Amino acid sequence: MPPVVGRFLAAVEARDADAAGACFTEDGTWANVPHPPVVGPAGVRGLLAPILDRSQWVRWEIVTAAHTPERSWLERLDRFGIDGTEYAVACHGVVEVDPDRDLITAFRDYVDLGEWRARLGTVLTL
């Protein structure tokens, strides 16, 4: 696994949107497909902060993964503890990395948005 991918996952599980955003290049993108991507560390912070702040704990369980120095494929079960209840949603992320800078240049998450909204829509403003 590229080191920056490990740092990013640790930041998410620590519920630290600033540290997660710092894993991205200034022009790095994160797309929750089919939504348009956010750009740069500030965009990533803005995307993650609402759910990380609302969660008492976060665990992104890696089901299967494949890595090259420039890319990671992560099949995940994203678990969020909110108000004493666990909300879990399956997704698949593709992470592109600049290995020389050890930063993420693109992150694409593929998730069933209907499932996401059905499970988390009652506890998050989506």
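Trainee: How many aromatic pairs does the count come to?
Mentor: The count comes to 6 aromatic pairs, where rings of Phe, Tyr and Trp (its six-membered ring) pair if their centres lie within 6.5 Å; planes under 30 degrees apart are stacked, over 60 edge-to-face and the rest tilted. F8 and F107 form a tilted pair, 5.3 Å centre to centre with 55° between the planes. That pair links distant parts of the chain, with F8 in helix α1 and F107 in strand β6 (residues 103-111), 99 residues apart. Helices (H or I, at least four residues) and strands (E, at least two) are DSSP runs, numbered from the N terminus.

Trainee: What are the ground rules here?
Mentor: This is a predicted model, so local features need pLDDT of at least 70 and side-chain atom pairs 80 or more, while totals for chains, interfaces and linings use all residues. Residues are numbered from 1 along each chain as its sequence is written, and side-chain values use heavy atoms, without hydrogens and water.

Trainee: Which residues do ring pairs link into a cluster?
Mentor: F8, F24, W30, W60 and F107.

Trainee: Back to α1. Which of its residues are buried?
Mentor: In α1 (residues 3-13), V4, V5, F8, L9, A11 and V12 are buried. They lie on the same side of α1 because they cover an arc of only 160° around the axis, taken from the directions from the helix axis to the C-beta atoms.

Trainee: What follows α1?
Mentor: R15, with a positive phi near 60°.

Definitions and conventions. Buried means under 20% relative accessible area, exposed over 50%, partly exposed in between (1.4 Å probe, protein chains only).
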